[in-house]
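Subject: A structure to look at, and what was found in it

Dear colleague,

I am passing on a structure for you to look through, and below it I have set out what was found. Please keep it open beside this message as you read.

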Amino acid sequence: MIHVFYLYIFYWILAAIGLTVGYHRTIAHRDIELPPVLETLVVYVGLVCSACSPLSWAGVHRMHHAYADTPKDPHSPKYKKWYEVLFSSYRIKSIPRKFVRDLYDNSIVMFFHIYRWYVLGVTYLIAILINPLLFFYLILILPISFVCYGIVNLFGHSENGAENVWWINIFAPFEGNHYDHHTS
């Protein structure tokens with residue numbers, strides 16, 4: 001049972017660094033400007049948490065903001081099946097270039113976009129060599145983050161639009177202020 005607790009803490013810290021700070025605030029919104037070494041670190045951790053390209057993640061998130069709670073919103077609980085949103089299993093046919101054009105000039109984003117599978121493979125190989133339990137934790141972080149950030153998308157919106165929901169922070173670090181985020 002202690003491993004469940006350790007896994008949760010491990011996930012929460014990595015998600016706060018990689019998804020909230022890295023993919024969300026630094027890449028998708030450009031709210032945070034980090035030195036290249038730190039930006040590389042937070043984007044790498046975001047990749048470990050999601051296995052999703054930072055370019056794709058940012059594009060989908062920017063589409064979500066541009067089309068929030070409309071049929072064009074990639075993960076609107078009003079227009080997608082609840083389980084597609086919760087398990088982040090929705091599919092986007094293509095991300096219009098206008099949503100990611102600026103990111104093509106970001107060498108860090110493009111590196112992790114192009115080489116994400118190699119980076120993940122090397123990460124998992126090193127994890128196995130260090131400690132098989134670390135590998136197990138890293139693999140489990142993927143479905144956990146898909147569901148936890150699916151919780152943001154499913155419960156952070158109602159019929160009235162984005163909402164602040166305090167308990168979302170338990171699952172997706174610092175993402176429970178969804179209404180404030182959409183209106184800022």
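An axis here is a line fitted to C-alpha atoms, taken for a helix over the stretch in contact, and the angle between two axes is the one between their N-to-C directions. Please bear in mind throughout that this is a predicted model.

With that in hand, helix α2, which covers residues 36-50, packs against helix α5, residues 107-130, at an angle of about 55°, and their axes lie 10 Å apart. The angle therefore makes α2 oblique to α5, and the crossing of these two helices is right-handed. On the α2 side the contact involves Pro-36, Glu-39, Thr-40, Val-43, Tyr-44, Leu-47 and Val-48, while α5 contributes Ile-108, Phe-112, Arg-116, Val-119, Leu-120 and Thr-123. Sorted by type, the residues of this contact are nine nonpolar, two polar and two charged.

Helix α2 also meets α1, and here the axes come within 7 Å and cross at roughly 115°, so α1 is roughly perpendicular to α2. This crossing of α1 and α2 is left-handed. Among the residues that meet are Leu-14, Ala-15 and Gly-18 in α1, and Glu-39, Val-43 and Leu-47 in α2; the contact of α1 with α2 divides into twelve nonpolar, five polar and one charged.

Finally, α1 itself, residues 2-28, has a kink of about 35° centred on Ala-15, and just after this helix Arg-30 takes a positive phi of about 55°.

Conventions
Residues are numbered from 1 along each chain as its sequence is written. This is a predicted model: local features need pLDDT of at least 70, side-chain atom pairs count only at pLDDT 80 or more; totals for chains, interfaces and linings use all residues. Side-chain values use heavy atoms; hydrogens and water are left out. Axes are lines fitted to C-alpha atoms, for helices over the stretch in contact, and angles run from 0 to 180 degrees between N-to-C directions. Helices (H or I, at least four residues) and strands (E, at least two) are DSSP runs, numbered from the N terminus. Angles under 35 degrees count as roughly parallel, over 145 as roughly antiparallel, 65 to 115 as roughly perpendicular and the rest as oblique. A crossing is left-handed if the near helix is turned anticlockwise from the far one by less than a right angle, and right-handed if clockwise. Contact means heavy atoms within 4.5 Å. Ala, Val, Leu, Ile, Met, Phe, Trp, Tyr, Cys and Pro count as nonpolar, Asp, Glu, Lys and Arg as charged, and the others, Gly among them, as polar. The bend at a residue is the angle between axes fitted to the seven residues ending there and the seven starting there.
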